[in-house]
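Let us walk through a structure in which two protein chains meet, and ask what can be said about the place where they touch.

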Amino acid sequence: MKACRTIAAGLALRSRNLAQRARQRAIVRQMSSGPVLALRDVTVRRRGVAVLRDVSLEVAPGTLHALVGPNGSGKSTLFGVVLGAVDFTGSAELRVASGARAVGYVPQALGDVEKLPLTVAELLALQRQRWPVCLGVRASTRSQVARALERVGLAGFGGRRIDRLSGGERQRVLWANAIDPAPALLLLDEPMTALDAASRARLEALIQEVRAAGAAVLMASHDAEQVARLADSVTRLGPSLAGPASEVA
Amino acid sequence: MDRLYAFMAHQAAVGHLPHALGYAFVVRGLLAVAVLAPVLGGMSHLVVARRLAFFSAALGQAALTGLTIGLWLGEPLDAPYGGVFGFCLLSAFAMVYVRRHSGLSPDTLVGVFLSFTLGLGLCLLVAVTKRFNIHQVQAVMFGSLLTVTDTDLALLALLGGGVLAALGVLYNRIALDSLDPSLARAAGVRSAALEYVFVALLTAAIAVSLKIIGALLVEALVVVPAAAARNLAHTARGVLAWSVLLAFVAGALGILVSSWLPVPSGGAVVLGLGVVFALSLGAGRMLGWD
């Protein structure tokens, strides 16, 4: 009997994984109407432990949905779900208009910049031209990059080395990368932790610009005042082993 | 090709070119280096960015095992590409798959695979050396100018061109994924598929380099040029240019030295790379770019 139960459990797990993969493959759909991002009962387990449990939320075009919660509550993991980097159960659906840029993402920090020596213009060109960046940045790309950098207050930074920038400057480069051209969904994972007050004000104004252009914004933040100022709705994530997430506004 | 060799021999005979270039095998070696430099130099730039230096060393060891498997299965000693490419590709995919599906750190995992493939290769080598002279096998393990044929050159040009074309198409995605996988995912890059494609290209580059550099030394050409270039350049374009240039200089030096002295071409090329790296360290400090 014990063997039978083990096999049955194994089959059930396999079945769940296949269903999950089918859902993940269908994650990006053409936009018709309704929310840009819809998560239903998303649960993430690592080595049998629930890191996220039964998270459901929707982000409509032109709105900002905030994720709040203590360190380790799974905010960044939820971004991993949306980006397709994390295995999960439940469903995650992203609806974007045909031909539009789907996702702009501002992580907490840029990856290991020592791996590849790049200038700011080269980094931004990686997503803006097909011509290999190692053979040069095209003139048309340079003008796009210059425009994006100007929007975040980094005009003239295109030739600077990424690894020589301060933490705040790197974060603003990530903003420039995420918002121009405007995405359907803007993901902001604690995006202002390294910024001074003036830069925060500038980027909050940019968020409003992006929303006005119709983008949906999902933002994780520890700044309660900022969330109260900007968010249309909020999901509060609890500590990892606590109960399901709650939508509070 | 024969007309080129005859022309070079004539120029060397009348003193317009160095004496060594009068030999067809030296010219073939230099032509091979001219093709290998952009392929391996360009590849090395991304190998270093993706932290795959140890992985490349493991692929070099796998090439030895692939060589012995190929010979054991009846491949000719002068063209053991099937065994080398097949086993290297299998090892590369296995390492990537296990790394992506286990909690082991990449260096631990590569260490395990490296030990296994080396052990298997040594066991098979004993069987192979009963059928071949050990010096013939050594030529493939350490590289030998004398074994390079016009057919090898044609294969090198064909596969090298293919690898370069694929790198050109995929470069921006590979570079973004190397720098920050989450940014790459947000840009729609399929990270897992990209990793398998990249290691397949690396395997192809290693397989076609085998005759010149040798199975055991080939990883030097996919790591050292970019490591030296990083000392001299601070942009992606600069690193690529220096990697290709340094790979060619070290390769050509190695070929010429191995034609003057009784040393294997692979060893001479790697020594040339060592010299180039040491010089780049000093130059980088003088330029203040470190």
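How many residues does the contact take from chain A, and how many from chain B? In this predicted model, chain A brings 35 residues to the contact and chain B brings 28 residues. Between them the two chains bury about 2,700 Å², and 60% of that area lies on carbon and sulfur atoms. Within chain A, the residues that lose the most area to chain B are Lys115(A), Leu116(A) and Cys134(A), which together account for 25% of what that side buries.

Across the same interface of chain A and chain B, 12 residue pairs are found in polar contact. On the side of chain A that touches chain B, the elements that give two or more residues are strand 6 (103-106), helix 3 (120-125) and helix 5 (167-179) of chain A, and helix 3 of chain A gives the most, with 3 residues. Sorted by class, this side of chain A has 20 nonpolar, 7 polar and 8 charged residues.

Cys88(B) is in no disulfide, and the nearest cysteine sulfur, that of Cys123(B), is 18 Å away. Cys88(B) is buried, with a relative accessible area of 1%, whereas Cys123(B) counts as exposed at 58% relative accessibility.

Key:
Residues numbered from 1 in each chain as written. Chains lettered and ligands numbered in written order. Predicted model: local features only at pLDDT ≥ 70, side-chain atom pairs only at ≥ 80, totals over all residues. Heavy atoms only, no water. Contact = heavy atoms within 4.5 Å. Buried area = accessible area lost by both parts, 1.4 Å probe. Polar contact = N/O pair within 3.5 Å; in protein donor to acceptor, adjacent residues only side chain to side chain. Helix = DSSP H or I, 4+ residues; strand = E, 2+ residues; numbered from the N terminus. Nonpolar A, V, L, I, M, F, W, Y, C, P; charged D, E, K, R; others polar. Disulfide = S-S within 2.5 Å. Buried < 20%, exposed > 50% of the residue type's maximum accessible area, 1.4 Å probe, protein only.
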